[in-house]
Protein chains: 2
Amino acid sequence: MSDLKDKFAPLFQSRSIAIIGASSDRTKWGYIMLKHLVDGGFRGAIYPINTSGDEILGLKVYRTVADIPETPDLAVISVPAPAVLNVLKECIAKGTKAGLVITAGFAELGETGARMQREMVELARKAGMPLIGPNCNGFMSPWNKEYVQFPTFLVPAGRVAIIAQSGNVMDSLTRQVMLHGQGCSICVAIGNEAVLHFEDYLEYLGDDPHTSVIMCYIEGFKDGQRFLKIASEVSKKKPIVIVKGGKTRAGAIAAASHTAAVAGSDLIFDAACKQAGVIRVRSLDEMLNVSLAFLWQPLPKGRRLGIVTGGGGWGVMGADACAEMGFDVVKLPDETIRALDTLLPTWWNRGNPVDLVAGSKPDNIYKAVEQIMQCPSVDAMMFLSMVPMLKIRAFDLPTEADERAKFGEVLENAVIEAMEGLNKLVKKYNKPMVVATEQIFATNIEEARLPYLLGKHDLACYHMPHEAARVLLALADYARYRGALKPE
Amino acid sequence: MSDLKDKFAPLFQSRSIAIIGASSDRTKWGYIMLKHLVDGGFRGAIYPINTSGDEILGLKVYRTVADIPETPDLAVISVPAPAVLNVLKECIAKGTKAGLVITAGFAELGETGARMQREMVELARKAGMPLIGPNCNGFMSPWNKEYVQFPTFLVPAGRVAIIAQSGNVMDSLTRQVMLHGQGCSICVAIGNEAVLHFEDYLEYLGDDPHTSVIMCYIEGFKDGQRFLKIASEVSKKKPIVIVKGGKTRAGAIAAASHTAAVAGSDLIFDAACKQAGVIRVRSLDEMLNVSLAFLWQPLPKGRRLGIVTGGGGWGVMGADACAEMGFDVVKLPDETIRALDTLLPTWWNRGNPVDLVAGSKPDNIYKAVEQIMQCPSVDAMMFLSMVPMLKIRAFDLPTEADERAKFGEVLENAVIEAMEGLNKLVKKYNKPMVVATEQIFATNIEEARLPYLLGKHDLACYHMPHEAARVLLALADYARYRGALKPE
């Protein structure tokens, strides 16, 4: 493993970077990447390379790699495709330790490109040079303040790693992580995987101390068996969450023209994921919800569920969603029912879901939830429609526009306070609890800010019960792989 | 049908309303409903009734219904359950034409409640009085400025009707319609359906001139056969979109304690929906996307699809989602490929999805989309990841915070302009086109405002390809029912 760490160090812990194809034209990648590297506060040396010389963003421009006064750790290559191989040779001659080839026009574009790509692989292999790409839009290594990327945002350092066989999917995911108040350890768009393959990144991230969960977008594997072997090992240490593109024939055709990936049988892939403890999700939004939950939710010991709902319809939808995902919405024991009798209005439904009928007092709601959390026949909880828990009532709502604006903050704080109250019980009983709610008093602005504010506190409210249920399922599936779940 | 219109007129086109159980206590429903009625600008007479007399919100309070100087069209009853029957008798004696019973504690709470509910039905039937509820949280009839409801927002008048066997689901849906820039014709939480049943509302809305699409949340039917018959007729005129709660055993148990509904077999319900042309969706967010699309998208003539994507990964996910939903991502004819050759950079992928590789010019993108729209072997389109189409580039992004704030509006306008450009082609070729995009340059605030701003223009961008594909499927399924789709 320490070999692997050494191999990736000049990439993700680079101390000096040459940007070959650097440009002063603001519309070119050679400018944008340089700007992001500077804006991100990279602490090592930056060497823009451009045959015209001069200066870009206050940095001295060198005409060739050979002219750089030291040997750079990393060469970022963003010159037209026909020039890439020569540049790569120059970098190898200079002793550059690692490479990132942004340029497209290789295996994804037919035989001429494929031939160039094969030569690229030969050169890099012979030099023992780890190489990202070609045909990718870079990577971010925020803990090293290293942003060698196209996207126009600098994700903060955090615990989520992203490996994507698609630059725009990497961008989407990275941005969503930010909008949910979290940060990334490594985000990498791996392009055509000429030299470094998906499996290499996965293996490396398995031992990366900053990474707690790994999000993957893949369309096909260079070596399926190796993926299975590495994923099985990494899954023992941290969750891997995957979206697979090219599931259908139409998708597979699209994938072939996108990254030259050959998408295999979807059923086989599904079985392989189960065997390797990989959490497979159907879409990027599901991936985000599930992955972030792994950062803060404990794993359930079983699939027996308690549900509390602030609205009848939400309770029904929540029970449906959980039952469809294989959870047992248990009959609460008499003892728990009796305890709830002392906390809820006399006309409560005495069932599971527990319906918080009108008249339920916020403080009593926490106590009711605690009764269910401590119940030995409950492994996990779902909380729905949290309106009755907020220390805001319909009659507190201001009617004047300027008062309404100030009220936004009051509402946000009330939601955070309620979520933190529930989270205390999660910590105390070490059982997961997912929350889905309609933010009934919120404007769209407040609703948009909440995921960010909650994420900052390692919390999440989902919009819909089925989203929350999907998160619970991922936790339970992963618990089974890790052996934390009781046998079914 | 005109009988039906007459029957519902005192409810949804009421000219005078008595609120029985009116209160000056801001925490009581009897205050909140009165306030909403006043705030909403109801133009008819409002009569608060309360044994204490006096004045509320500047309105004279009467001690009993009998004291009101005229016969009110509608009596809203919000007194404790044991008093409801007597109040109802007084209303009938007064000649009140219709009723809304907010109060809970009837059939959903066991035999005592059920007995009271049966008596309520007898009284109302004998008097020929249409009655909403009991155990509901009111309705909104925005075209009549009539807000007799608990929710704290007044939805504007619009084209979406909502019928929900759950007050909080009605609230969620109504609010989401507002946040998406649209309005409602009628929103009604139908509670226990003692007198008026789900089927009655559906039949009425089928002929309501303000209603273009009907959203329904249901847990069970009083009369499944009648639902089937009415739904089949209404579907011929306008789409019905349904979420069914109580699909699973756990959900059905929850539904029984919620609205005393008996949930039937889910498979039978699914078959019934197909037969009756009802669009069944799995969740409220799906319901919203699908229903609003019916307001502005033409119906497709078949299931042959063209996809254009601004990002490779999005194209793959889009093709997968569409293929999974039964669409044929067609091979584009040579003629179309040749036309696209003149518009896109030479290295474009010459397939479907059409991948808008780097270098595609915004104006040419519209022309490329038009080539596909006019292609006779394409019935509908999906457009993904619209970034290359925006008249904003990564290098235009301001770096100062105050400039960034102003930029939000620039970005929003760019998205609206791009969407309107695509929508022109929808109108010109009368084929549907759905868009899913990552708003890559947007903050969460701008992202939150966009659905509202777009909705105001009868437009929508979805977050994820699978959401857009789901909308296409609904359009195609409904087209088949309406006979607009070619036989498969």
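This note goes through a predicted model, from chain A as a whole down to single residues and a sheet in chain B.

1. Conventions. Residues are numbered from 1 along each chain as its sequence is written, and chains are lettered from A and ligands numbered from 1 in the order in which they are written. As the model is predicted, local features need pLDDT of at least 70 and side-chain atom pairs count only at pLDDT 80 or more, while totals for chains, interfaces and linings use all residues; side-chain values use heavy atoms, with hydrogens and water left out.

2. Overall build of chain A. Chain A holds 16 helices and 19 strands; helices (H or I, at least four residues) and strands (E, at least two) are DSSP runs, numbered from the N terminus. Its radius of gyration is 26 Å, close to the 23 Å that the globule rule gives for 488 residues, so chain A is as compact as a globular protein of that length. The radius is taken over C-alpha atoms, and the rule is 2.2 Å times the number of residues to the power 0.38. Along the principal axes, the C-alpha atoms of chain A fill a box of roughly 80 × 55 × 40 Å.

3. Of the 488 residues, 63% count as buried. Buried means under 20% relative accessible area, exposed over 50%, and partly exposed in between (1.4 Å probe, protein chains only). The accessible surface of chain A is about 18,000 Å², and 53% of that belongs to carbon and sulfur atoms; the areas come from the Shrake-Rupley method with a 1.4 Å probe, and for residues only the protein chains shown count as cover. Among contacts in chain A with a separation of 6 or more, 76% are between residues 24 or more positions apart, where contact means heavy atoms within 4.5 Å.

4. Domains of chain A. The assignment gives domain 1 (1-133), domain 2 (155-296) and domain 3 (299-481); such bounds come from an automatic or database domain assignment. The centres of domain 1 and domain 2 of chain A, taken over C-alpha atoms, are separated by 24 Å. At their contact, 21 residues of domain 1 of chain A meet 20 residues of domain 2 of chain A.

5. Cis peptide bonds in chain A. The bond from A:Gly133 to A:Pro134 is cis, with omega near 0°. A:Pro134 sits in the loop between β7 (131-132) and β8 (138-141) of chain A. The bond from A:Asn352 to A:Pro353 is also cis, with omega near 5°, and A:Pro353 is placed in the loop between α12 (334-341) and β17 (354-355) of chain A.

6. Positive phi in chain A. A:Arg350 is not a glycine, yet its phi is positive, at about 55°. A:Arg350 belongs to the loop between α12 and β17 of chain A and counts as partly exposed, at 39% relative accessibility. A:Asp458, again not a glycine, has a positive phi of about 55°. A:Asp458 lies in the loop between α15 (444-456) and α16 (465-481) of chain A and is partly exposed, at 27% relative accessibility.

7. Sheet in chain B. Five strands form an open sheet with parallel pairing, in the order β2-β1-β5-β6-β7 (chain B). Its edge strands are β2 (45-49) and β7 (131-132) of chain B, each pairing on one side only. Two strands pair if DSSP finds at least two bridges between them. Strand β6 (residues 98-101) of chain B is joined to β7(B) by two bridges and to β5(B) by four. B:Leu100 stands opposite B:Ile132 in β7(B), and B:Leu100 is also the bridge partner of B:Val76.

8. Cover on β6(B). Both faces of the strand are covered: B:Ala98 and B:Leu100 on one side, and B:Gly99 and B:Val101 on the other, are all buried. Helix α3 (residues 81-94) of chain B lies across β1 (16-20), β5 (74-77), β6 and β7 of chain B, and runs at about 170° to β5(B). Axes are lines fitted to C-alpha atoms, for helices over the stretch in contact, and angles run from 0 to 180 degrees between N-to-C directions.

9. Two loop residues in chain B. B:Gln374 lies in the loop between α13 (362-373) and β18 (380-384) of chain B and is partly exposed, with a relative accessible area of 39%. Not counting residues up to four places away in sequence, B:Gln374 touches B:Tyr429 and B:Lys431. B:Asp223, in the loop between β12 (213-218) and α7 (224-235) of chain B, is partly exposed at 33%.
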